[in-house]
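Open the model in your viewer and keep the selection tool at hand.

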Amino acid sequence: MRDAFEIDTTDAAGRIGELEVPRAGVTVETPAFLPVVNPHVQTISPARLEDEFGAEILITNGYILHKSEDLRETVVEEGLHDFLDFSGAIVTDSGSFQLAEYGEIDTTTPEILGFQYEIGADVGTPIDIPTPPDAAYDRARGDLEATRKRLVEAEAADTGEMLVNAPVQGSTYLDLRERAARGADGATLDVFPIGAVVPLLNAYRFADMVEVIAATKRGLGADCPVHLFGAGHPMVFALAVALGCDLFDSAAYALYARDDRYLTVRGTERLADLEHLPCECPICVTHDPTGLREMAETDRQLALAEHNLYVSFGELRRIKGAIASGDLLELVEARARGHPAMLEGYRALLDHSKELERSDPASKGAFFHLSAESARRPEVRRHHDRLSRLSPDGRVLLTEGGVNRAFDESWRVVPPFGPFPRALSETYPLNAEVPGPGRIDGEAYERAAVGVARLVEANPSVEFTLAHREWPQAALATIPERVSVVSLAANEPATGSERDTDDEPDPHGAGTAARGEPTDEWRPRDDGEP
């Protein structure tokens, strides 16, 4: 168990945790955003980042400081915290970004880690080899081996209380990502950045980003704090947190401001295109787009950088609130509707519902069925897994209607979960808020049918009848042949609204309808009780 990281609360694979940074004497609550501070050009001072925006941790470039004739002597003499005027935790990069951009750097892992330790960095970074997406497999494998050797060098370095990053590379090859993560987890290092994802983000390849994160998480233990290197756009925070990422960094807040770009949780807008400012931050409530455009360039860039930071920090606070209240996936769903590529990313996330279910709490407030994707959430998978452990007796009615005493048991059926005993109706997630009959999506009915099939297969001696309200044929095709299937539609009011009575199919009728077709063989139940 790693001593530096402790998980407090989870939802899906997202977690609120505490990263103890002993050298700084601080504990950082995660998920956390690390603004990138350029040692030469500070758009917003670290002191302001701490005092006005609530930054507990930031990242700066140790390689630039190491190679700067103007700054090196000063930062060695003053120490990094005094040099930046920041009392929180400071992460330093090693020059790997420069290596990726320019092809070479003039330092080694022992040298750059020694320098990071000398200047007082709290979290240092060895020199890893960032392999871009879609590189040749042999290149990715070779780069990964070089990174592995440098992690061995990092383990051997004398870094005192300084935490050390163990970057995970492997390009877009999921086997390499998982292998790299297992190797990093086996090292005696502390924080686990996922590298070389920025090109995926820039190309809006969010589904590929999800697969890279998921593969990495498969190789890491739950006690590993995960840093998504270079991911600083707030539109991806919720999705990445739901996969188990804890730290995010970027200079986008400043770089985008210099290009008159305005960050939102749904994407990026150009200031020239805005007629209104869709934000409640101090910049946006005291300015309008015209006023910002008319500012002097330096003032406008500062205002936009401040807005971009407010949005970034605000989104992470919103995510923490969602984890605490158990509705992180509802927030991810809302963000996914902001862009088609984000929706692809959300669907890719749900492909990993089995992994998400392992850390997803069994009880929350309420489950909101918002779309076809909701039917693929981990709560639905968990319910289906539990159905195989339930043992109804005799002749059992599975129904979207009410109780019928002519059956030994009358279970409820609610898409997308499927069947469950009525006594569980007010337990999570079976107390779900779902659309009314006729308005729910086909995927929910199909998942409910899977639940019916799971229960029936686990109880071969029980006689089942399914009473449904106009389920689509694709769902009914999943129901095992030995289940009697009848439609409640024949007993619905002509208006198509939900009926007020709880009439059920007559188990003693002349026979059940063809699968999915309504029947007139009904009688009201005679007990008068729900």
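**Stop 1**

Select D223: at 14% relative accessibility, D223 counts as buried (buried is under 20% relative accessible area, exposed over 50%, partly exposed in between; 1.4 Å probe, protein chains only). This is a predicted model, where local features need pLDDT of at least 70 and side-chain atom pairs pLDDT 80 or more, while totals for chains, interfaces and linings use all residues. Residues are numbered from 1 along each chain as its sequence is written, and side-chain values use heavy atoms, with hydrogens and water left out.

D223 sits in the loop between α10 (206-219) and β10 (226-228), and R2 in the segment before β1 (5-11), so the pair ties together parts 221 residues apart in sequence. Helices (H or I, at least four residues) and strands (E, at least two) are DSSP runs, numbered from the N terminus. R2 is buried too, at 16% relative accessibility.

**Stop 2**

The whole structure has 31 salt bridges. Select D138 and R141, paired at 2.8 Å, N to O. They are 3 residues apart in helix α7 (residues 137-156), so about one helical turn separates them. D138 is exposed at 53%; R141 is partly exposed at 40%.

Next, take E379 and R377. Their closest N and O atoms are 2.7 Å apart, and both residues are buried.

**Stop 3: cysteines**

How many disulfides does the structure hold? It holds 0 disulfides (a disulfide is a pair of cysteine sulfur atoms within 2.5 Å). Select C245: the nearest cysteine sulfur, in C224, is 12 Å away. C245 is buried, at 0% relative accessible area. Then select C279 and C281. The sulfur of C279 is 3.6 Å from that of C281, too far for a bond. C279 is buried at 16%.

**Stop 4: a negative patch**

Finish with D51, E73, E77, E78, D82 and D85, which form a negative surface patch (residues with over 30% relative accessible area and no salt bridge, like charges joined within 9 Å). Helix α3 (residues 72-78) gives the largest share, 3 residues. D51 lies in helix α1 (residues 46-51) and is exposed at 64%.

Note on methods. Patches are made of residues with over 30% relative accessible area and no salt bridge: like charges are joined within 9 Å, nonpolar side chains (Val, Leu, Ile, Met, Phe, Trp, Tyr) within 5 Å. Accessible areas come from the Shrake-Rupley method with a 1.4 Å probe; for residues, only the protein chains shown count as cover. A salt bridge is a side-chain nitrogen of Lys or Arg within 4 Å of a carboxyl oxygen of Asp or Glu. Lys and Arg count as positive and Asp and Glu as negative; His and the chain ends are not counted. The place of a charge is taken as NZ of Lys, CZ of Arg, CG of Asp or CD of Glu.
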